[in-house]
Amino acid sequence: MSSSARIVIVGGGLAGAKAAEALREEGFDGSITLIGDENHLPYERPPLSKGYLAGNDDRASMDVHDEDWYAEHRIDLVLGTAATSVDSTTKEVALVDGRRFAYDQLLLATGSRARTLPLPGAGSHGVLTLRHVEDSDSLGSAFGDGRLAVIGGGWIGMETAANARQKGVDVTVIESADLPLAGVLGPELAQVFLDLHREHGVRFQLGASVSEITVTDSRTTGVRLADGTHVEAATVLVGIGAQPNLGLAESAGLQIGSGVLVDASLRTSNPDIWAVGDIAEEDHPFLRGRVRVEHWANALNQPAVAARAMLGQQAAYDELPYFFTDQFDLGMEYVGHAPPGSYTRVVTRGDLAGREFLAFWLDGEDRVLAGMNVNVWDVVDDVKALIMSRRPVDVDRLSDPAVALTEVSRP
């Protein structure tokens, strides 16, 4: 590609920064403009509900690169100003302040925004979401109020509950399902996390529906459930998931599903536009279907594939989905893809009651779709190998900790 070529990246998070980094590492010498709507340098988001919220990580440790790195690598940063539209005919990105940036190739890394509740009281003081560093700061400060209600028993909600409880906060998690994390882990493993939190004093309202956020003198006082129960709280975290930011992709006329439809190289329906991270709904070469994953690993790893493809190289993103969590004394890694309805059973090995075990989601032919290691380490590569082999396993050997994972496949 010519040294006069112009690449614009929209998205000031991890994915945007890693895309700029990968382009330079692959030898691109043209102009790179990175546009982000936050005033901060691009930073990683997992610490917002993990180490940074807990007070274990300092603010600078979240930044993907320091300011000098962008200058040294000739990355033009345009921060604190949102992009509002993409004109794919003139090949320009318009910003809210009226500026327009021309591109030869465009990479969208616009991420997601926190879902909100359209309920009475939802806009009152003390009702928070967790998506930006300021949100994490506000939430951490609110721990001092002593009483927290978390609406939503997903990863954000459960990690926040654990951090708050460890600081002595009175915590109630309100979840519409019968178990927290059930949509991700299924009932077999979700119970492990429910038991863990209850042992540490977290209270739960399960199978519950929220009717309003109660307010006195413009300040939150708690959450009213549909059955009339009132959960007292000075702070309410709404952790009901994220919504991909698809506005720019729609303005560019790109094909959209649950996200921006991309091929294995992360290229969209427009040959000059790529999409990575939360918004990318990829035609995954290994999983043999479209997958959109809102996890850190995609934001970290997809940009390098897109960068190579943008520069004319053969490239495909075939990494398995991966995520991790730390809650109280439980550390966990999950790799693979086993959405509800895709698996027939879950097999465990190790000490389930003692929370030191592995779990495997199997299909009807006893092939491993996904695996999770809980307080057992250095096994992710072996679990990946089981998944990637597509070979059926011997379930008795899989469940036996004395048998190496490399020896559990059927002959």
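Visitor: Before we look around, what makes two rings a pair?
Guide: Rings of Phe, Tyr and Trp, the last by its six-membered ring, pair if their centres lie within 6.5 Å. Planes under 30 degrees apart count as stacked, those over 60 as edge-to-face, and the rest as tilted. Please keep in mind that this is a predicted model.

Visitor: How many aromatic pairs does the structure hold?
Guide: The structure holds seven aromatic pairs. One of them joins Trp155 and Phe193.

Visitor: What kind of pair do Trp155 and Phe193 form?
Guide: Trp155 and Phe193 are edge-to-face, with 85 degrees between the planes and 5.8 Å from centre to centre.

Visitor: Which parts does that pair tie together?
Guide: Trp155 lies in helix α5, residues 155-166, and Phe193 lies in helix α6, residues 182-199, so the pair ties together parts 38 residues apart in sequence.

Visitor: Are Trp155 and Phe193 buried or exposed?
Guide: Trp155 has a relative accessible area of 13% and is buried. Phe193 is also buried, at 0%.

Visitor: And what about Trp155 and Phe323, how are their rings placed?
Guide: The ring centres of Trp155 and Phe323 are 5.3 Å apart and the planes stand at 55 degrees, so this pair is tilted. Phe323 belongs to strand β22, residues 322-327, while Trp155 is in helix α5, so the pair ties together parts 168 residues apart in sequence. Phe323 is buried as well, with a relative accessible area of 8%.

Visitor: Which residues do the ring pairs link into a cluster?
Guide: The cluster consists of Trp155, Phe193, Phe323, Tyr334 and Trp361, linked by ring pairs.

Visitor: Why is α5 described as largely enclosed?
Guide: Nine of the twelve residues of α5 are buried, so the rest of the structure largely encloses this helix. Among the buried residues are Trp155, Met158, Glu159 and Asn163.

Visitor: What comes just after α5?
Guide: Just after α5 there is Gly168, which takes a positive phi of about 85 degrees.

Visitor: Which residues have a positive phi although they are not glycine?
Guide: Arg74 has a positive phi of about 55 degrees although it is not a glycine. Arg355 likewise has a positive phi of about 55 degrees without being a glycine.

Visitor: Where are Arg74 and Arg355 placed?
Guide: Arg74 is in the loop between α3 (67-72) and β3 (75-79). Arg355 is in the loop between β24 (345-351) and β25 (356-362).

Visitor: Buried or partly exposed, those two?
Guide: Arg74 counts as partly exposed, at 42% relative accessibility. Arg355 is buried, with a relative accessible area of 12%.

Visitor: Now the helix packing. At what angle do α1 and α8 pack?
Guide: Helix α1, residues 14-25, and helix α8, residues 296-310, pack at about 30 degrees, and their axes are 8 Å apart. Angles under 35 degrees count as roughly parallel, so α1 is roughly parallel to α8. The crossing of α1 and α8 is right-handed.

Visitor: How many residues of α1 are buried?
Guide: Eleven of the twelve residues of α1 are buried, so this helix is largely enclosed by the rest of the structure. Its buried residues include Leu14, Lys18, Glu21 and Arg24.

Visitor: And its span?
Guide: The twelve residues of α1 should span 16 Å at 1.5 Å a residue, and its end C-alpha atoms are 16 Å apart, which agrees.

Visitor: Last topic: where does Ser409 lie?
Guide: Ser409 lies in the segment after α10 (395-398). Ser409 counts as partly exposed, at 21% relative accessibility. From Ser409 to Arg397 the C-alpha distance is 8.4 Å, and the two are twelve residues apart in sequence.

Visitor: What about Thr220, where is it found?
Guide: Thr220 is found in strand β14, residues 219-225. Thr220 counts as buried, at 4% relative accessibility. The C-alpha atoms of Thr220 and Asn375 are separated by 38 Å, and these residues are 155 residues apart along the chain.

Technical notes
Residues numbered from 1 in each chain as written. Predicted model: local features only at pLDDT ≥ 70, side-chain atom pairs only at ≥ 80, totals over all residues. Heavy atoms only, no water. Helix = DSSP H or I, 4+ residues; strand = E, 2+ residues; numbered from the N terminus. Buried < 20%, exposed > 50% of the residue type's maximum accessible area, 1.4 Å probe, protein only. Axes fitted to C-alpha atoms, helices over the stretch in contact; angles between N-to-C directions. Parallel < 35°, antiparallel > 145°, perpendicular 65-115°, else oblique. Left-handed = near helix turned anticlockwise from the far one by under 90°. Expected span 1.5 Å × (residues − 1).
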